[in-house]
Amino acid sequence: MTTPRTVTDFDYPAPSLYIDGEFLTGGGRCEQDVLNPATGQVIGKLPHATTEDLDLAIAAASRAFESWRKVSPMERSKVLRKVADLARERARDIGRGITLDQGKPLVEAVNEVTFCAEHADWHAEECRRVYGRVIPSRLDNVTQLVMREPVGVCAAFTPWNFPFNQAIRKIAAAIGAGCTIVLKGPEDAPSAIVALARLFHDAGLPRGVLNVVWGIPAEVSRHLIQSATVRKVSFTGSVEIGKQLAAQATSLMKRITMELGGHAPVIVCDDADVDAVVDLLTPYKFRNAGQVCISPTRFYIQERVYDRFVSNFAEKARTIKVGDGLLPETKMGPLAHARRVAAMRSLVDDARARGAEVLTGGSSLLGEGNFFAPTVVAELPDDSRLMTEEPFGPIVGVARFKTIEDVIARANGLSYGLASYVFTNSAKSARTLAGHLEAGMVSINHLGLGLPETPFGGCKDSGMGIEGGSETFDAYLNTKFITQLY
Ligand code: NAD
């Protein structure tokens, strides 16, 4: 077992709150340690919002809404475009912060920022196309109009796996629609969110339109959701927490968007080019150490190509260089926090107890960081924990299947319905699988999910509502019907 190399000398930007246009620290507020997951070292102190801070943030967002809702989409678009330009300029520094507090390799972190500049660009374009419509009337002296109006103050909760990505999508959709927002980011990985607040601040976003708070997640979310001023709740995270927040919000008749977990099936048919599929899937699976809601996690391989796929995939997984994300040779960093390492161990223990074969990995790596080896497990039953619970880590379960009907039933057998992947050279199999898989997104013969211009979202327990695509503003707009006799 190797000890991954780590880096101990670096600068980490001081985290802060951002309320009513002010970056706030200190002030006797309670603070939380921010840890580097590669070393376990404390790298920063994150100030928690007091109850007064939360109320100030809500009040600022409410005040700002009265003017921001009237700002023309052309002007909103200019702010978003400026944010995109600044994000590209600052990508390297923001990326370093992400590697330090979240763990992913620097290249992935910087790519996250530059790619997300496109989310700002997309929302800048689309917000100028939020159209209403005129409905032909039954009477010649009546006009019937459909207007789309911003919902109001939004509360958003974003996770640590893609801290920049998850937050910018919610912020850009809210403010592009004319809403204002109070966002609680991930306390484990706060630097990207503070950097985002700085981007919007420097791009000229008026004070109060965006506010950033931190704290004990359950306390902050309860306080924000219960505020009568907050009209919409958007959350990205686990199914369990999503259901709790959705219940709180809908009991108060607030709009919700829930981007929750997944357990993406990957279906590789006998007629696929197995070597090409392995080359494509290996880096994709272990990207961000598998802590990706659309990560391929349950591999169903058809009988004839099963042995070849499994041995090639395990071989490639074994060669992935694990280490501190700041080191240039690193291909996979640590898990974001120690909870995930414990979760990986317990999935492997369950698989072993059921007689499964661990082809590579299966254990944490030596050292202080949260390192877990890329892991491939074969010959495990469909009811094992790895095949039924979202793993959210660098681990894959592989099983064989006989027929398309058999694999559709097994892929649809869980309550998740986020992403799914299909590899086949048969147009008929591709159509059948695309039509029958219960998932918000199906990617066939390539990896094509998560672009700004395409809709992102799940069905079943994986959530409700769409981010991205031309649907992106739907969740932030009320539809108002106006009929006028003249
Ligand atoms: P968790 O469920 O405790 O937390 C997940 C996220 O939700 C974190 O960002 C956390 O700060 C936030 N959160 C937790 N309780 C909250 C509350 N009451 N109110 C508001 N926000 C709250 O789990 P975790 O150990 O941090 O992460 C592991 C699980 O989270 C994974 O199994 C995965 O399913 C899920 N997750 C999903 C995504 C995603 O992109 N869908 C991202 C990160 C984590």
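Trainee: How far is a polar side-chain atom of Gln166 from an oxygen atom of the ligand?
Mentor: The separation is 3.3 Å, which falls under a polar contact, a pair of N or O atoms within 3.5 Å. Please note that this is a predicted model, where local features need pLDDT of at least 70 and side-chain atom pairs count only at pLDDT 80 or more, while totals for chains, interfaces and linings use all residues. Residues are numbered from 1 along each chain as its sequence is written, and side-chain values use heavy atoms, with hydrogens and water left out.
Trainee: And what is the distance for Asn161?
Mentor: A polar atom in the Asn161 side chain is 3.4 Å from a ligand oxygen atom. For Ser221, a side-chain N or O atom lies 2.8 Å from a nitrogen atom of the ligand.
Trainee: How much of the ligand's accessible area does the protein cover?
Mentor: The protein covers 87% of the 790 Å² that the ligand has on its own, by the Shrake-Rupley method with a 1.4 Å probe.
Trainee: Which residues come nearest?
Mentor: Of the 23 residues around the ligand (a heavy atom within 4 Å), the nearest are Trp160, Ser221, Ser238, Arg339 and Glu390. By type, the shell has 10 nonpolar, 8 polar and 5 charged residues, with Gly counted as polar.
Trainee: Turning to domains, which ones contribute to the shell?
Mentor: Domain 1 (17-260 + 463-482) and domain 2 (264-451) each give at least three residues; the bounds come from an automatic or database domain assignment.

Methods. Polar contact = N/O pair within 3.5 Å; in protein donor to acceptor, adjacent residues only side chain to side chain.
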